[in-house]
Amino acid sequence: MLRLSNIHKAYGSRERPVSVLADVSLTVDDGEFCAVLGPSGSGKSTLLNIVGLLDRPCAGEMVLGGTTISHDSAQTTARLRNRLLGFVFQSFQLLPRLNAWQNIAMPLMYRGVPRGERKGRALEMLERVGLSERADHLPSQLSGGQCQRVAIARALVGEPRLILADEPTGSLDSATAGEMIDLLGALNRELGMTIVMVTHDRDLAQACGRRIELLDGRVVADSAAA
Amino acid sequence: MSARRTLLPDAPLGETFAEAFANLRAQGRRSALALLGILIGTASIIAMLNVGHMAQRESLKLFSDMGVDMLQILAVPTGEAAAGFPREAVERLPQSDPAVAAALPLATGRGPVRSSRKQTDLSIVAMPPGLVRLARLPVAEGRSIAAIDDCGFGAVLGHKAAEQLSAPGAAAGVGSRVLVGDYGFTVIGVFAPVVAETLDPTDYNNAVFVPLSCARRVLPGADPNVAMIRLKPGVDGEPAGQRIIAALARPGSSLQAMNAQRILQTMNAQKAVHSRMLAAIGAISLLVGGIGVMNVMLMSVMERRREIGLRAAIGATPRDVQALFVIEAAVLTLVGGVVGTLFGLLAGYAIAVSSGWDFGLAVWTLPLGPGVAGLIGLVFGLYPAITASRLDPIEALRAD
Ligand SMILES: Nc1ncnc2c1ncn2[C@@H]1O[C@H](COP(=O)(O)OP(=O)(O)O)[C@@H](O)[C@H]1O
Ligand SMILES: [Mg+2]
């Protein structure tokens, strides 16, 4: 599903590069539910952004869903994101002007799916995340947990190969956070959805089949390798 | 993926239009302000084109009776003696000059004219019979001057001249007597009112007409001082005028040629100045409007960075993002263009009414206004759109 080989990433000037990821190699198989753990600043988000094709590594190779990623053209990577990936963000990132189902349907628009079909598929996803009766609510009329459910539905709607979640529970109270992890776990078990989730909460990470630990830009522990 | 797929946005255009409308509505007043420059620009251009169109029609109307082939030669005295040129030379012009179709000599002046009860200053026109046809003078009463009249002391009155010479119980009309200078004439006819035209040598309505051979009695000079010439169709009036002036020149008189073509040209040139001014106002307004639209779009891009980042994350291609903002700018200016066109037509109508013209719509200007405005939107929307498509999605998503 996903293979990273010797990924390096540094920020800063060419003369004084600040290394953020150093020689990261790992493989994620289809159907895995991975937690990426590590203290703040350890490079978790950077890693997720590289996997999410939002950022490019300075060195190393990446194969995603059978495609070797080149970052040659922004058009092509955008289409790969649309086809292969679903994102869940800490701050939900819903468009306030659009209601729940319209937010969920957005990725389908960039695939040219007709409006009627988009709505049907968005409503299916809403049902999947248990929010059927909120289809016409605006984000401002939803609770944090409900917003994140809508965001998860949006990540799912395009039937991606991989869902990337960067601290999806970071803005939620612990009870709601637990519910969210349960939902992601259910999607993983029932749909076989591959999920990579960044968190710094070790308790929540217990629900994940695999835990990868980063420290200063290096993988220091990987439960799959243990 | 084919090249076509790479050049075009992936999202359906119709949907992007719908989004653009929704976004603009959400921005409300700011969108409306951005429209203003576009609106004024379009309005002035549409007004200019329609006013130009109407002015053209009106100026052609001025010559519609006599046509644009008329040439008038006027003799102005350079010294004490009366100005003029030889009558025979004028009458010979159709034979002597290849550009001339017809030529009439006239002698004109002003002087006191008296009826039994009234006295007034009037234009005096000593005319050959042909003037009636050339100037389309309609006879209301009696008859006009004929070739056999010679100087038989028969006169014809213009419509207003007859009124001025009339007194209660003593109407000036056919059969009444008038004194032109020291000579008594019998009124043989009265002309109906005529609409003044640009090349009339005098105001026909306020004139008394006598046979040309009477000129030496009632006017300071015996010779004609005006030649009214009809050119052959398609002849250039300028060189013909110069040639005829040379042929008629005589010491003591300075000759001037006025031709309808030249007058039309002068009027058109004046109009062109006005048009250019309106065009400049329009262009500047459109430019300012365009920059305003660009500014609003740039602000919108900055405010919607998170949205742009999100769209990029869920698979909007750079083209999709560009299309969204370019179309937003184009929709904005298009609305301005449509409203501006309406205002422009309204302004054109107001100008027509205040100038006493018939309102006439230049239909081809209708699509032009929104078209130009939309184009401005595309051009000035491009930069903000490209800016939006080049945002780094990670940073954009982090924006507050
Ligand atoms: N755009 C950037 N420019 C410079 N440094 C950055 C940038 N993004 C991240 N970093 C640095 O990279 C390191 C890792 O950041 P990040 O991946 O966000 O960590 P985490 O998500 O684990 O908290 C941090 O020290 C951060 O300051
Ligand atoms: Mg982070």
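Reader: Which residue in E8(A) is the bridge partner of A:Ala35?

Author: This is a predicted model, in which local features need pLDDT of at least 70, side-chain atom pairs count only at pLDDT 80 or more and totals for chains, interfaces and linings use all residues, while side-chain values use heavy atoms, without hydrogens and water. Residues are numbered from 1 along each chain as its sequence is written, and chains are lettered from A and ligands numbered from 1 in the order in which they are written. In E8(A), the partner of A:Ala35 is A:Met197.

Reader: Which are the edge strands of the six-stranded open sheet?

Author: The order in chain A is E6-E7-E8-E3-E9-E10, with mixed pairing, where two strands pair if DSSP finds at least two bridges between them. Those that pair on one side only are E6 (85-88) and E10 (218-222) of chain A.

Reader: Which residue of chain B meets the side chain of A:Arg79 in a salt bridge?

Author: Between chain B and chain A the count is two salt bridges (a side-chain nitrogen of Lys or Arg within 4 Å of a carboxyl oxygen of Asp or Glu). At 2.6 Å, N to O, the partner of A:Arg79 is B:Asp10.

Reader: Which element gives the most to the side of chain B that touches chain A?

Author: Helices H1 (3-7), H2 (13-27), H10 (305-313), H11 (318-355) and H13 (393-398) of chain B each give two or more residues to that side. With six residues, the element that gives the most is H10(B).

Terms used: Helices (H or I, at least four residues) and strands (E, at least two) are DSSP runs, numbered from the N terminus.
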